[in-house]
Amino acid sequence: LKYLKGTLYLKLRITVDNLSSSQWSIDASHGVHWDCKGQTGAGMTLGKGAVVSFSRKQKVNTRSSTESELVGVDDAMPTVLWCLYFIQEQGYEMTHATIYQDNQSAILLERNGKMSSRKGTKHIKMKYYFITDRIQDGEVKVEHKSTNDMWIDVNTKPKQGRPYRVDRGEMMGCPVDLPSSISSMPL
């Protein structure tokens with residue numbers, strides 16, 4: 001309750017810069033739960049502020065952070081595609097959804113499917129290559145974003161202090177630093 005009382009001034013601000021593509025940040029944390037399952041975090045923006053965001057425990061155990069990232073994107077794909085189709089049905093000419101990730105190996109596997117698979121990734125089930133089909137159809141593009149710029153990390157792992165405030169600010173489209181009159185309130 002202290003957190004809620006101390007953040008009453010924070011208002012969600014959503015801006016729309018471009019309706020030709022939605023921008024999704026999708027990240028996963030490997031083996032963070034007591035049963036060694038990972039956590040998926042995803043968020044969509046059209047400019048600033050997250051229009052859609054979620055955090056979910058992964059339903060399967062994975063053997064690597066790369067596999068956790070693949071499972072995370074697979075978990076998010078129904079929502080990514082639903083949002084794309086919904087915006088298109090509203091009459092906007094959105095051509096694709098752009099997914100940002102911080103794991104280069106996962107990006108290669110998503111773009112190339114089993115063709116990029118090596119000894120360490122042969123065990124990954126084919127169902128996680130659904131995204132490869134969506135990329136080939138042009139509905140989804142996957143791009144790399146630095147781990148430091150992945151604001152969706154706030155949905156996958158605990159953060160404190162300034163890193164938390166930066167990610168929260170990106171998600172909510174609000175200022176990162178506290179106003180001086182409120183800076184003494186507990187967060």
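Predicted model: local features only at pLDDT ≥ 70, side-chain atom pairs only at ≥ 80, totals over all residues.
Visitor: How many bridges join E2 to E3?
Guide: Two strands count as paired if DSSP finds at least two bridges between them. E2 covers residues 21-29 and E3 residues 37-45, and they run antiparallel. The number of bridges joining them is seven.

Visitor: Which residue of E6 is the bridge partner of Ser 21?
Guide: E2 and E6 run parallel, joined by five bridges. The partner of Ser 21 in E6 is His 96.

Visitor: Which strands stand at the edges of the sheet?
Guide: The sheet is open, has mixed pairing, and its five strands follow the order E5-E3-E2-E6-E7. Each edge strand has a single partner, so one of its sides is left without a neighbour in the sheet. The edge strands are E5 (50-61) and E7 (140-144).

Visitor: What is the average twist from one strand to the next, and what angle does H3 make with E7?
Guide: The twist averages 25 degrees from strand to strand. Helix H3 (residues 104-112) packs on the sheet and touches E6 (96-101) and E7 (contact: heavy atoms within 4.5 Å). Axes are lines fitted to C-alpha atoms, for helices over the stretch in contact, and angles between N-to-C directions run from 0 to 180 degrees. For H3 and E7 the angle is about 155 degrees.

Visitor: How many residues of E2 are buried?
Guide: Buried means under 20% relative accessible area, exposed over 50%, and partly exposed in between (1.4 Å probe, protein chains only). Ser 21, Gln 23, Ser 25, Asp 27 and Ser 29 point one way, Ser 22, Trp 24, Ile 26 and Ala 28 the other, and all are buried. E2 is largely enclosed by the rest of the structure, because its buried residues number nine of nine.

Visitor: What is the phi of Cys 36?
Guide: Most residues other than glycine have a negative phi. Cys 36 lies in the loop between E2 and E3 and is partly exposed, with a relative accessible area of 47%. Cys 36 is not a glycine, yet its phi is positive, about 70 degrees.

Visitor: Which element gives the most residues to the lining of the largest pocket?
Guide: A pocket is an open set of points on a 1 Å grid over the protein atoms alone, where a 1.4 Å probe fits, with protein on both sides within 12 Å along at least five of seven lines; lining residues have an atom within 4 Å of a point. The 14 lining residues include Thr 45, Gly 47, Lys 48, Trp 151 and Glu 170, which lie nearest the centre. E2, E4 (47-48) and H5 (161-172) each supply at least two. With three residues, the element that gives the most is E2.

Terms used. Residues numbered from 1 in each chain as written. Heavy atoms only, no water. Helix = DSSP H or I, 4+ residues; strand = E, 2+ residues; numbered from the N terminus.
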